[in-house]
Amino acid sequence: MTVQAQVPVVAEVGADSLRITITASDLNDFLEGRPDWLATLPREEAYKRALDELITQALKRIDLFQSGRVNDPAFRQRVARIVTEELVIAYARHRYEDRYLNEEAIRREHQNMGRVVYYRQFVFPKPADASEAELDSIRAVVEQVREALASGTPFDQVAQEVIRGSIPGQITGYGVERYLTWNYAVVNPRANILFRLSPGAVRAFEEPGRFTVAQVTRIEKRPVPPLEQVREQIIEALNRWYAPAATEAFRREWMGLVDSTTLRWNLSALNKLVAWSNTPGFYQGAYRDTIAQYLKRHGDALLVGDARGGIRISDLPRIFEEVLTLRRSKNYTTRYIQDFLLEALRTDRLAERARALGYMRKVWRPDTPSPLLAMEMVRFYDRQHIESRLPKPTEEALRAFYQAHAESLFYQLPRVYTEIIVRSTREAIDSIRAEILQGTPFEKASHRRLLRAYERTRDGKIITWNKRTEPPYFGELAFNLKVGEIAGPIEYQDVRDGRRYALIRVTKRLEEKQLTFEEARDRVEKAFLEHHRERLAREEAARLRERYPVRVHQVVLLQMLNGIL
């Protein structure tokens, strides 16, 4: 498993092989997507609500695996393309990253942090105007020096017998013993090489402005901080050193999945696919009927292949549904479709290689590393356990629901609709305001406008439903404006972006009144379904918590609430 910096665990859901841990990072990431909770709820309530939601989602995924419903053919078909992508990611990560980023490497590097490597070196400046012949002459001396030092000749003797006279006046610094620490080796490639040598080892370097020959003289050890204190620092260093090499190694394997020496294209079939790709609706689902009808009339044909096989026209539905697809139909060129087919062929082959090596078990699990697959599992669970059990919104049921909730849900509170222009500086908003005062319509003064609706509750509180909440007093200002009136510039603090300046215009107002069933018909049906959806969701969450263990680490949660984590 790829090693990451350890993050405090907030909650543990399930047990044994069906266990999901929720970390502080998971909780913070979830709240990043719900800035409305942080802006409108007390901090403690926002965090606890987010944690409850993450726990419920984890329980749903665990129950899918425990019950075996995760293997429902319809679900597996729905997520097949996501699984293929995750198999490729898992293969690349575990076959290449784990060669250097693992617990053993981290512990070894932790020990290296205590090394202090002492060395001496010869430095030969590289003249900027030197010819290639002159540089070759210096390189020859550098190699003689390296060989002499490696054979055990003392530094002073090398200076006198090998260098002096060969490059007069060019040797410097060999009498000074220098040293390297781990922190410097992290950022300097040359230092990193020397840092890992044993006493007596010699290396020669050709750099942009000089040649050097360095020999390690001795190594000392110093105390190192505890591993957990520097773990993240070590992981960052390992990634800096080895990630480029791992990426290049994976790229070579990726390109080798298709044999370019035997690659062949069927231009007739390729042109047919290009034409289909540029037909509206093809990639949105029409490809099934289009390809089926074509095969009835013309038979199958190879699109692209090499000595190992390829993609035929009859393979396209499977490729689109399980491997790779294009989002929509548009003006694709032949070259674009060729690149798409080659990527699909490589992806398909690498995914099969990953399956054969057992990487499916790294992806197909309740604690899958794929956020997309995890969310699809939750959606599938909800369709089975919540959406399928929603009562039918019959006329009788809706009227009964209206009668029971008329005053609470279908009483039209006073509402005002606004457009808001926002800028990051006072100068920018003043410039727009000046344009409006000179006659430019509000909607033409800026193509970037926020649409916000504000409602006044019966107790006088003004509320809104947008996730990126502006200050509450925006609603107060709006209620004091007539339709078409403008207020501002207004300075405020945005939840994410800091200080901002705004102009507000009211576009529509709704007066307070009791709506009849006929007036609220659409709202009644929506509220009816949402009411029962929330009821069923609460029942499912309670049932799952009774069935599977959930442990919340209150100390960690408290640290997050206090801003320590």
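Trainee: What should I know before reading the model?

Mentor: Residues are numbered from 1 along each chain as its sequence is written, and side-chain values use heavy atoms, without hydrogens and water. Since the model is predicted, local features need pLDDT of at least 70 and side-chain atom pairs count only at pLDDT 80 or more, while totals for chains, interfaces and linings use all residues.

Trainee: How do you know how confident the predictor is?

Mentor: Look at pLDDT, the predictor's confidence in each residue, from 0 to 100. The chain's mean is 90, and 96% of its residues reach 70 or more. Over residues 1–5, though, the pLDDT is below 50. Where pLDDT is low, the predicted coordinates should not be read in detail.

Trainee: Which residues of α1 and α3 meet?

Mentor: Contact means heavy atoms within 4.5 Å. On the α1 side they are Asp26, Leu27, Asn28, Phe30 and Leu31. Their partners in α3 include Tyr47, Leu51 and Gln57.

Trainee: And what makes α3 roughly perpendicular to α17?

Mentor: The pair packs at about 75°, with axes 9 Å apart. That angle is why α3 counts as roughly perpendicular to α17. Gln57 turns up here too, among the α3 residues that meet α17.

Trainee: What makes something a pocket?

Mentor: On a 1 Å grid over the protein atoms alone, a pocket is an open set of points where a 1.4 Å probe fits, with protein on both sides within 12 Å along at least five of seven lines; lining residues have an atom within 4 Å of a point. The second largest pocket has a volume of about 1,000 Å³, a volume being the space filled by probe spheres set on points joined across faces, edges and corners. Of its 24 lining residues, those closest to the centre are Trp37, Glu53, Glu530, Glu534 and Ala537.

Trainee: Which helix gives the most to that lining?

Mentor: α22, with 7 residues.

Technical notes: Helix = DSSP H or I, 4+ residues; strand = E, 2+ residues; numbered from the N terminus. Axes fitted to C-alpha atoms, helices over the stretch in contact; angles between N-to-C directions. Parallel < 35°, antiparallel > 145°, perpendicular 65-115°, else oblique.
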